[in-house]
Amino acid sequence: MIVSVVATGLFGSVLFLAAVRKFTFLGLKLAVMLFAAAGVYFVWNPDQMTRLAQMVGIGRGADLVTYATTLILFLTVVAAIMRERRSNEVLTQLVRRLAIQQARFPEGEDGRG
């Protein structure tokens with residue numbers, strides 16, 4: 001019972017944060033809210049999770065949760081890597097422009113070759 005209350009609090013917090021946070025992609029906001037609400041439901045109705053798991057060909061609800069969590073973690077890592085790569089590209093372009101703007105030439109040269 002204690003774990004159910006704690007899990008409900010965590011899912012409720014995620015639901016609240018998703019509701020008040022601004023997302024650039026509305027589909028992601030809706031997905032987070034849907035999964036948080038489903039999490040609350042399945043915490044209090046674990047037999048329904050087992051039924052859902054059996055409908056998709058997995059024996060137990062706990063296995064379905066494990067597979068779903070692994071998939072979400074994998075997608076999160078991929079998204080973080082892509083975001084970091086894009087940030088590095090933007091930073092590289094910014095540093096190049098700054099270096100060109102602040103380039104200094106030896107005395108007596110105007111930089112035109």
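**A lysine in helix α2**

- Leaving aside residues up to four places away in sequence, Lys29 touches Ala18, Ala19, Arg21 and Phe23.
- In this model, which is predicted, Lys29 has its place in helix α2, the helix made of residues 26-44.
- Lys29 is buried and yet has no salt bridge, and the nearest side chain of opposite charge, that of Glu84, lies 27 Å away.

**A serine in helix α1**

- Ser4 belongs to helix α1, which covers residues 2-20.
- The relative accessibility of Ser4 is 18%, and because buried means under 20% relative accessible area, Ser4 counts as buried.
- When residues up to four places away in sequence are not counted, Ser4 touches Val43 and Trp44.

**How helices α3 and α4 meet**

- Helix α3, residues 46-55, and helix α4, residues 61-101, have axes that come within 7 Å of each other and cross at roughly 70°.
- Angles of 65 to 115 degrees count as roughly perpendicular, and α3 and α4 are therefore roughly perpendicular to each other.
- On the α3 side the meeting residues are Met49, Thr50, Leu52 and Ala53, while on the α4 side they are Gly61, Leu64 and Val65.
- Sorted by class, this contact of α3 with α4 has five nonpolar residues and two polar ones, with no charged residues.

Conventions. Residues are numbered from 1 along each chain as its sequence is written. This is a predicted model: local features need pLDDT of at least 70, side-chain atom pairs count only at pLDDT 80 or more; totals for chains, interfaces and linings use all residues. Side-chain values use heavy atoms; hydrogens and water are left out. Axes are lines fitted to C-alpha atoms, for helices over the stretch in contact, and angles run from 0 to 180 degrees between N-to-C directions. Helices (H or I, at least four residues) and strands (E, at least two) are DSSP runs, numbered from the N terminus. Angles under 35 degrees count as roughly parallel, over 145 as roughly antiparallel, 65 to 115 as roughly perpendicular and the rest as oblique. Contact means heavy atoms within 4.5 Å. Ala, Val, Leu, Ile, Met, Phe, Trp, Tyr, Cys and Pro count as nonpolar, Asp, Glu, Lys and Arg as charged, and the others, Gly among them, as polar. Buried means under 20% relative accessible area, exposed over 50%, partly exposed in between (1.4 Å probe, protein chains only). Lys and Arg count as positive and Asp and Glu as negative; His and the chain ends are not counted. A salt bridge is a side-chain nitrogen of Lys or Arg within 4 Å of a carboxyl oxygen of Asp or Glu.
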